[in-house]
Amino acid sequence: MLVPRELARRLSVIAPSITLAINARAAQLRASGVDIFAFGVGEPDFEPPRFVLEAAKRAIDEGASKYTAVTGILPLRKAICERTERLRGYAPTPDQVCVSVGAKHALFNLALALYEPGDEVIIPAPYWVSYPEQVRMMGATPVIVSTREDEAWRMSPEALRSAITAKTKAIILCSPCNPTGIAYSEAELRGLLEVVRDSDAWFIADEIYADLLYDNRRHASPLALAPDLADRVVLVDGLAKSYAMTGWRIGWAVGPTHLIKALDLVQGQSTTNATAVAQHAAVAALTGPQDEVRAMRDAFERRRNVMLEELNAVPGIRCRVPDGAFYAFADVRGLLGLVTGGGPLVGDADVSRFFLESAHVASVPGSAFGMPGYVRFSYATGEDRIRGGAASLRRAIAGATRP
Ligand SMILES: Cc1ncc(COP(=O)(O)O)c(C=O)c1O
């Protein structure tokens, strides 16, 4: 009896998701009737604007059932160009756009098109979990530049410069950032771009949260500041977060035409186009009235304020004010050493597990983002739920003892 050949070696370099065990346990508790405060997921609880759903239904009736161009239907690529000009201060042409099955897919296509063994890709930590894994899957090496809370989680130009080597293929920057919620100012981004200008590396800006900025902040986008770098700056964006359209799976990359041709090639041999109906819905979302997007943003800002106030009132938790996105990245080191029903809290994974088991609050340990000692709370949920979850945390902590 022959045993099947082994799985691909590239799988062995991919870290298993720390969040998976916690998510599975949260689902188990929920299934047994426990009311879980869902601060774990990065998914808006809003519905997409009604007119977007209507446009999708119309598209079905009008025959959007066929393959489209690999990089997306022209009206969508034009709408993305107009949006990029309006909100990111750079006017691409439709042949500079590749529409993919979500921003994650756009980033994966970029990884396939750009990274190879021997390459280094610079990623500031705390980072979104998929960046290093995608780099590793290509056989390239993630170079993690750790940032610090007392430096507002910013990667400085000096830190970037010292991480760059002859092998640096790309730099990935997420602003506003998942998980910290910090956003780079124009001056800070300019500083980084000066370093990029001195190198030949690609600069990938993940702008998926750029519509979700608070306190009247304006998003700083790299091609508005450095149009001279348009031959190696890539903007990644999508509908998931700002239009509450996570399940529609529409994201895109804007970049120089030779890179977009490469993405066309890669995507043409894998997924072909993003779903036709979803593309038509995306055209409606981007070209229709934007007041619901603004209303969702305003709601997130109010939720941020509630989450911050509530978290900072929990003994042992300390959290700085995020500038955007919908995450609070809290320092939980004040809780380490506590003894709970489930044992002593030694690291952030224990803390996150304790929050789930004893307070029924789902969260994600900072280690998942390359930053132990912290826990990420998503506030993509209602204000009452945020207050309820925080009260539950306070009760659970009051029940723990310090030996
Ligand atoms: C920083 C960041 N980039 C990209 C994505 C992926 O977005 P999409 O749902 O469009 O694939 C996410 C989703 O969580 C994210 O947090």
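This is a predicted model: local features need pLDDT of at least 70, side-chain atom pairs count only at pLDDT 80 or more; totals for chains, interfaces and linings use all residues.

Colleague: Let us turn to a helix. Which residues of α1 are buried?

Modeller: A residue counts as buried if 20 or more other C-beta atoms lie within 10 Å of its own. In α1, Thr19, Ile22 and Ala26 are buried. Because these residues cover an arc of only 65° around the axis, they lie on the same side of α1. Leu20, Ala24, Ala27, Gln28 and Ala31, on the other side, are exposed.

Colleague: What covers the buried residues of α1?

Modeller: The cover includes α12 (348-359), β13 (361-362) and β14 (364-365).

Colleague: What span does helix α1 reach from its first C-alpha to its last?

Modeller: Helix α1 (residues 18-31) has 14 residues and reaches 21 Å, close to the 20 Å expected at 1.5 Å a residue. Just after α1, Gly33 adopts a positive phi of about 95°.

Colleague: In what order do the four strands of the open sheet stand?

Modeller: The order is β9-β10-β15-β14, with antiparallel pairing. β9 (318-319) and β14 are at the edges, each with a single partner strand, so one side of each is left without a neighbour in the sheet.

Colleague: How many bridges join β9 to β10?

Modeller: Two bridges join β9 to β10 (residues 327-331), and these strands run antiparallel. Arg318 stands opposite Asp331 in β10.

Definitions and conventions:
Residues are numbered from 1 along each chain as its sequence is written. The expected span of a helix is 1.5 Å times one less than its number of residues. A residue is buried if 20 or more other C-beta atoms lie within 10 Å of its own, exposed if 12 or fewer, and partly exposed in between; C-beta atoms are placed from the backbone. The arc is that of the directions from the helix axis to the C-beta atoms. Two residues are in contact if their C-beta atoms, placed from the backbone, lie within 7 Å. Two strands pair if DSSP finds at least two bridges between them.
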